[in-house]
Amino acid sequence: MKYQKLAQLYEKISSTTKRLEKTDILSEFLKNLDEEEENLLYLLLGNIYPQYDERKIGISNQLAVKAIARATGNTPEKVTKEWKKLGDLGLVAEKLTSSKKQSTLANQIITIKKVLENLRKLPELEGKGTVDKKISLITELLTSMSPIESKYLIRTLIGDLRIGIQESTIRDALVKAFFPKTENAKKIIQLAIDKSNDLKNILKLCKTKNIKNLKNISLKIGKPIKAMLAQKVETIKEGFEAVGKPCAIEYKYDGFRLIIHKQGKKIFLFTRRLENVTKQFPEIKESIEKYVKGNSFILDAEAVGFDSKTKEYKEFQSISQRIKRKYNIEELQKKLPVELNIFDILFYNGKPILDKSLRQRIKILKQIITDKPYKIIKAKQIITDDEKTATQFYKQALQANQEGVMMKNLDAPYRPGRRVGQMVKVKPDERDYDLVITGAEYGTGKRSGVLSSFILSCRHNGKYIEVGKMSTGIKERSQLSKKGDQEVTYEKMTELLKPLIIEEKARTVKIKPKIIVTIHYQEIQISPNYESGFALRFPRFISLRPEKPLSEITTLEEIKKDFKNQKRNYQYG
Ligand code: AMP
């Protein structure tokens, strides 16, 4: 298929803001794809491989500027100037290609296959001359593309497609195209997506028009799956109402999620963002080998940091650097050791056990894990129907420096990727949110040259909408203490955010939503200044959340709910 056809689809989808219309357009398109064209399912979400695959395009705005310049015979300065004017590199590519096209004739047809072929070479390049090779691969495509094609190619490269399509739109389009009359098709397809994280594979199965093929989709060791998520409740009482009595209550550990796969001698560790972090945690790999029985399994767990001397548990913030660090691992491992707390099992000895009840899954965990404190243990848990006992346990969890408790329905299956009501979290009203940075402002005076205030956004229907501006909680370089490398300075924030700038006007910049932060706020206010309708009072930076995917940040719904509760608390003391 010609790339032109895909570009036209993108145009058509962006021409409407209505979700249903987008779904209809997409569903007609998906009905008629042949086998080779199935790959474009990846492109629809701006990827080149299945979601679980870590090879991402990873092209910076600056590199895209250079490629546009080379392909259209302009200088990078001219491209940057246009970019400032239009605010979207895709539009710049479209404009500059169209003025160039009038003077050149060479026009080769570019297929989707060719686009994917070139894009897939990008993450493989390493070493000397990489930048130049990347630019050549992109220019090769751009020089033969029409203005519209150029626009979408550039947007794909910089990860900002702007057509308003999410995984759920593709799911709905698949239902409409292949199972319009099948009961529960939406649920079944969603579950299949969450298990496989490979939309092309899902489309293949949909094309068989047999829903059983989607139901039967299985987990594969070594292929990451999304973690099951929890809803929030305010009290233990509400928790019981949500999950039933008796239920399992566990510490809500303040660490980071790890899903661990093992098959024979092979062990893989994945974060909830589906990133493979096996190399970063050799000690966990070793503990799994030593203290967990079974030839193959998938475990769900939380890794928690502790002080190697005092053995006291530490907050997530202090160990977050272990997730990203790829060098000097041994040194860091000694300095910031983690204990693995296992709370679920999804696959055991060759078979998925997602559909078994939690009660049965816990039983298996008890049979296979030998607890070794400060290495690997089963999550602390009680099973009770008594509110007093539960409250006591909740207090105990907080005293142990953990975040609160999780309450879990004992009869429920495991549902990957879903925020399900059968698992709820109870934590003190801490007023913390996980938000994404979508804008910033350069500072003045001692902070000139660095970004010093940050626009925070929450999630709403797959979009990111502003809820406030944060400028405190981040350190000045001069304030760095001895544990300096763990602290976040304005310089560090600037370094992280600069490559993500999509638009720049005077001191204000727009930023591609990628960097997630936990912030603490004092109060939620109604505000006409932000699209969300709310503004957070005094948001203060707490930590970076590199392990969280965008799909799991605080939603507008949650903020609305908290706003209501806040009012209730004011009224009733
Ligand atoms: P939140 O990130 O606030 O939505 O809370 C859900 C997170 O709590 C999960 O993704 C886990 O990383 C973490 N967690 C800590 N302890 C547990 C536990 N015992 N069961 C399930 N999740 C837990």
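## Close-up views of a predicted model

**View 1. Ala248 stands opposite Lys408 of strand E10.** This is a predicted model with residues numbered from 1 along each chain as its sequence is written. Local features need pLDDT of at least 70, side-chain atom pairs count only at pLDDT 80 or more, totals for chains, interfaces and linings use all residues, and side-chain values use heavy atoms, leaving out hydrogens and water. Strands E2 (residues 247-252) and E10 (residues 404-409) pair in the antiparallel sense, over six bridges. Two strands pair if DSSP finds at least two bridges between them. Helices (H or I, at least four residues) and strands (E, at least two) are DSSP runs, numbered from the N terminus.

**View 2. An open sheet holds five strands.** Their order is E1-E11-E10-E2-E9, with mixed pairing. Strands E1 (229-233) and E9 (381-384) stand at the edges; each has a single partner strand, so one side of each is left without a neighbour in the sheet. From one strand to the next, the twist averages 35°. Axes are lines fitted to C-alpha atoms, and angles run from 0 to 180 degrees between N-to-C directions.

**View 3. His261 sits in strand E3 (residues 256-263).** His261 counts as buried because its relative accessibility is 0%. Buried means under 20% relative accessible area, exposed over 50%, partly exposed in between (1.4 Å probe, protein chains only). The His261 side chain reaches the backbone nitrogen of Gly222 at 3.0 Å. Not counting residues up to four places away in sequence, His261 touches residues including Lys220, Pro224, Phe268 and Phe297. Contact means heavy atoms within 4.5 Å.

**View 4. Ile135 lies in helix H8 (residues 130-142).** Ile135 is buried, at 3% relative accessible area. Ile135 and Ala67 are 68 residues apart in sequence, yet 5.2 Å apart in space, C-alpha to C-alpha. Beyond its neighbours within four places in sequence, Ile135 is in contact with Leu63, Lys66, Ala67 and Arg70.

**View 5. The largest nonpolar core has 72 residues.** Tyr3, Leu89, Leu119, Leu153 and Leu214 have the most contacts inside this core. Helix H4 (residues 61-72) gives the largest share, seven residues. Domain 1 (3-157) and domain 2 (167-215) both give residues to this core, so it lies between them. Domain bounds come from an automatic or database domain assignment. A nonpolar core is a set of buried Ala, Val, Leu, Ile, Met, Phe, Trp, Tyr and Cys residues joined through side-chain atoms within 4.5 Å.

Conventions. A polar contact is a pair of N or O atoms within 3.5 Å; within protein, one must be able to donate a hydrogen and the other to accept it, and residues adjacent in sequence count only if both atoms are side-chain atoms.
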